[in-house]
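Dear colleague,

Please find below the structure that I am handing over to you.

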Amino acid sequence: MNTKREQVFVWSRKIRLFHWINVICISLLIILGVIILNSKLIGVSIDGKVLLKTIHVLIGYVFAINLIIRITVGFIGTAHERWSKTLPFYKGFKTALVNFMQGKKATYKGHNPAGKLMVFALLFLMTVQMISGLVIAGTDLYYPPLGQYFAQTIAIDKDKANEIKPYSKENVDEVAYKEMRDIRKPFITAHVYAFYGLIFLIPLHIIGVIVAERRERSALVSSMVNGYKYLPKTNDTDD
C-alpha cells in the first residue's frame, strides 16, 4: 500500500476564521458565565453584575455574528464550507459511521463521521445559546435586537422607555415586568442547559481531535491554522 502523503487544501479561510473566533468567544463567554452564575456566592455587587453581563452580551454579539455567517456560508459556500460536507445528514452516513467505528477507513479529507456528529451537536447548542442569549439580553439589559420592544412593554411612560435601566424600577410597570420575566424563564433554562451541554461536549471534542490525529496522522490540528491536511496518495480517503 502506498503510504506517501500529499498536502491537500481542505479548510478555507472563512472556516478557519470562524473556528478560532468561535474558540475565543466561547472561552470568554464560559468564564464570564461561570462568574455571573456564582455572582452572589462571590459577592459581586449589582453594578458589577451589570458590567459583567454587559461584557458578556458584547462578546455574545461577536459570537452571534460569527455563527450567523458560518450558517450562511454552509448554504452558499464551496467545498468543505458546505453543510453537505460537514453535517451527518446524507445517504450512507450510517454505513460510514459503522465503518469508522470498526476502523475500516483510516483517513478522511474533511470531518470523519464521529466529527460530523460532534459538529452538529456543537452547532445546535451554539444556536440555542445565540437565540436564548439575545432574548435574555433584551429582557435583562434591554439590549438589541429585542431590548427596545421589551422596554416598551414594561414602561409606564412609553415615551421614556429608552431610559429604563437594568435592575431599576423607575418607570417600570410591576405587573408587566413580572409577565416579561415569565416569558424569559424558558429561555434562561435553555441558555443554562445549553451552557452545560457545551461544557460537556467541548472536552470530548478536544479528545476526539487528539484521537483522530493519532489515528489519521493527517496534521488535523495544524490544518485549522493553514488549511492543509496531509493525506495518503491513495483513493482511500472520504470527503
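Between which two helices does the loop that holds Asn171 lie? The model is a predicted one, and in it Asn171 sits in the loop between α6 and α7 (174-216). Two points about Asn171 deserve attention. Its phi is positive, at about 65°, although Asn171 is not a glycine. Asn171 is also buried, because its relative accessible area is 18%, and the cut-off for buried is under 20%.

Ala79 may be read alongside it. Ala79 belongs to the loop between α2 (46-76) and α3 (83-86). The phi of Ala79 is near 45°, again a positive value in a residue other than glycine. Ala79 has 48% relative accessibility and therefore counts as partly exposed.

Pro145 lies in the loop between α5 (113-140) and α6 (147-154).

Next comes the packing of two helices. The axes of α6 and α7 come within 8 Å and cross at roughly 140°. The two helices are therefore oblique to each other. On the α6 side, the contact is made by Phe150, Thr153 and Ile154, and on the α7 side by Ala176, Tyr177 and Met180. Sorted by class, this contact has five nonpolar residues, one polar residue and no charged residues.

I turn now to the empty space in the model. Rolling a probe the size of a water molecule over the atoms shows where empty space is left.

The largest pocket holds about 1,100 Å³ of space. Its lining is made up of 42 residues, and those nearest the centre are His19, His111, Leu122, His205 and Val209. At least two lining residues come from each of α1 (13-37), α3, α4 (93-101), α5, α7 and α8 (220-226). Among the contributors, α7 gives the most, with twelve residues. In terms of class, the lining of the largest pocket has 27 nonpolar, eleven polar and four charged residues.

The second largest pocket holds about 730 Å³. Here 31 residues form the lining, and Gly33, Ile36, His56, Ile136 and His191 lie nearest the centre. The helices α1, α2, α5 and α7 each supply at least two residues of this lining. Which helix provides the largest share of the lining of the second largest pocket? That helix is α2, with eight residues. The lining of the second largest pocket divides into 18 nonpolar, seven polar and six charged residues.

Finally, there is one cavity of 30 Å³ or more. The space in this largest cavity is about 30 Å³. Its lining consists of Thr139, Asp140, Tyr142, Pro166, Tyr167, Tyr177 and Arg181. By class, four are nonpolar, one is polar and two are charged.

With kind regards

How values were computed: Residues are numbered from 1 along each chain as its sequence is written. This is a predicted model: local features need pLDDT of at least 70, side-chain atom pairs count only at pLDDT 80 or more; totals for chains, interfaces and linings use all residues. Side-chain values use heavy atoms; hydrogens and water are left out. Helices (H or I, at least four residues) and strands (E, at least two) are DSSP runs, numbered from the N terminus. Buried means under 20% relative accessible area, exposed over 50%, partly exposed in between (1.4 Å probe, protein chains only). On a 1 Å grid over the protein atoms alone, a cavity is a set of points where a 1.4 Å probe fits but cannot get out, and a pocket is an open set with protein on both sides within 12 Å along at least five of seven lines; lining residues have an atom within 4 Å of a point. Grid points are joined across faces, edges and corners, and a volume is the space filled by probe spheres set on the points. Ala, Val, Leu, Ile, Met, Phe, Trp, Tyr, Cys and Pro count as nonpolar, Asp, Glu, Lys and Arg as charged, and the others, Gly among them, as polar. Axes are lines fitted to C-alpha atoms, for helices over the stretch in contact, and angles run from 0 to 180 degrees between N-to-C directions. Angles under 35 degrees count as roughly parallel, over 145 as roughly antiparallel, 65 to 115 as roughly perpendicular and the rest as oblique. Contact means heavy atoms within 4.5 Å.
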